[in-house]
Amino acid sequence: MKFLVTRHTLRETLGTVFRMPGEAGVIKCKAAVLWDQKKPFSIEEIEVAPPKTKEVRIKILATGICRTDDHVIKGAMASKFPVILGHEATGIVESIGEGVTTVKPGDKVIPLFLPQCRECNACRNPDGNLCIRSDITGRGVLADGTTRFTCKGKPVYHFMNTSTFTEYTVVDESSVAKIDDTAPPEKVCLIGCGFSTGYGAAVKTGKVKPGSTCVVFGLGGVGLSVIMGCKSAGASRIIGIDLNKDKFEKAMAVGATECISPKDSTKPISEVLSEMTGNNVGYTFEVIGRLDTMIDALASCHMNYGTSVVVGAPPSAKMLTYDPMLLFTGRTWKGCVFGGLKSRDDVPKLVTEFLAKKFDLDQLITHVLPFKQINEGFELLNSGQSIRTVLTF
């Protein structure tokens with residue numbers, strides 16, 4: 001009886017009929033379809049097929065706008081077209097396919113652009129997280145090689161196993177994490193990408209030590225999350241770097257001890273930082289995705305014991321040239337996807353920590369817009385006016 005009441009309450013609240021395996025049919029709903037590169041999103045009616053074996057269909061409640069989505073629009077990241085972008089969201093399980101055991105209809109969940117199959121080498125290694133089921137090459141289909149979306153009679157492709165710019169989406173079971181039912185969707189959606197990527201880069205990949213000096217290149221949403229991670233890890237000095245000084249106030253609010261712009265000195269930024277810190281930068285984080293700043297960040301950490309972490313997604317098909325002496329002297333150069341976190345294991349834990357007020361996501365969210373204003377949200381991103389814009393349904 002309790003289950004029936006819960007299901008009825010969710011139906012009233014969300015207008016959704018939750019179905020068990022074998023009950024689901026095709027759903028017609030609204031989605032933001034990107035028909036080609038360098039085009040605006042088009043709000044279209046699409047058909048979302050029912051979930052197949054080991055798949056989950058989700059009603060999206062809130063989704064964040066991330067720079068990675070913009071990379072597809074601008075052609076810096078591979079994708080098939082037409083495509084439904086979006087990969088940072090919170091939703092409710094609407095229906096499940098045969099064999100799904102980790103979530104059930106009515107569960108609040110976060111879709112995961114980085115799957116965790118728990119079977120491949122990366123998943124089984126305690127230090128690994130880049131699951132073989134990840135779609136970072138733009139395949140645009142689910143595990144069986146097909147898409148669940150159609151629009152105007154044409155197939156529409158998935159993006160990074162998630163596709164959250166739609167009222168309903170279908171993901172593989174390995175790409176979904178059940179979270180606390182009380183978590184506010186318009187806030188914890190950031191744990192699906194931006195916050196976790198930055199926070200994890202500091203605490204998991206960089207392994208920042210208490211009392212250390214950290215430098216963060218790039219003060220967008222992920223960069224601010226790196227600062228929050230450094231602060232949580234006990235760093236005594238956190239220096240934020242950005243060309244846009246308008247971002248300094250927000251960076252200081254989340255934990256930076258000072259901020260500088262490379263334009264304020266004619267010296268290389270590595271020399272500036274060495275003079276500022278007495279040559280004692282333990283950790284640097286590149287959160288922009290530019291080749292030149294990756295080398296600057298590497299050169300800025302201590303030549304013998306410093307660690308530099310590449311967090312920003314690098315441009316496709318670009319090669320990096322650097323002086324190998326930067327590494328020969330003892331520096332550690334690392335990269336990370338999703339902050340090195342194991343998605344299905346760590347996302348629910350981070351949601352619980354957020355509910356326990358261990359960190360504040362409000363400081364990262366500058367705009368909340370209805371889903372139909374998605375193009376306006378991307379304008380805010382590209383103009384530098386927003387840290388994170390969240391779209392609600």
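Start by selecting T392 and showing its neighbours: leaving out residues up to four places away in sequence, T392 touches L61, A62, E186, V368, L369, P370 and F371, where contact means heavy atoms within 4.5 Å. A word on what you are viewing: this is a predicted model, in which local features need pLDDT of at least 70 and side-chain atom pairs count only at pLDDT 80 or more, while totals for chains, interfaces and linings use all residues. Residues are numbered from 1 along each chain as its sequence is written, and side-chain values use heavy atoms, with hydrogens and water left out.

T392 belongs to strand β17, residues 388–392 (strands are DSSP runs of E, at least two residues, numbered from the N terminus). With a relative accessible area of 26%, T392 is partly exposed, that is, between the buried limit of under 20% and the exposed limit of over 50% with a 1.4 Å probe, protein chains only.

Next, colour by domain: domain 1 is 27–195 + 341–392 and domain 2 is 206–335, with bounds from an automatic or database domain assignment. Their centres, taken over C-alpha atoms, are 28 Å apart. The contact takes 11 residues from domain 1 and 12 residues from domain 2.

Now zoom in on that interface. About 970 Å² is buried between the two domains, with 60% coming from carbon and sulfur atoms; buried area is the accessible area (1.4 Å probe) lost when two parts are put together, summed over both. Finally, select Q363, L364 and I387, which supply 47% of the area that domain 1 buries against domain 2, more than any other three residues.

Terms used
Helix = DSSP H or I, 4+ residues; strand = E, 2+ residues; numbered from the N terminus.
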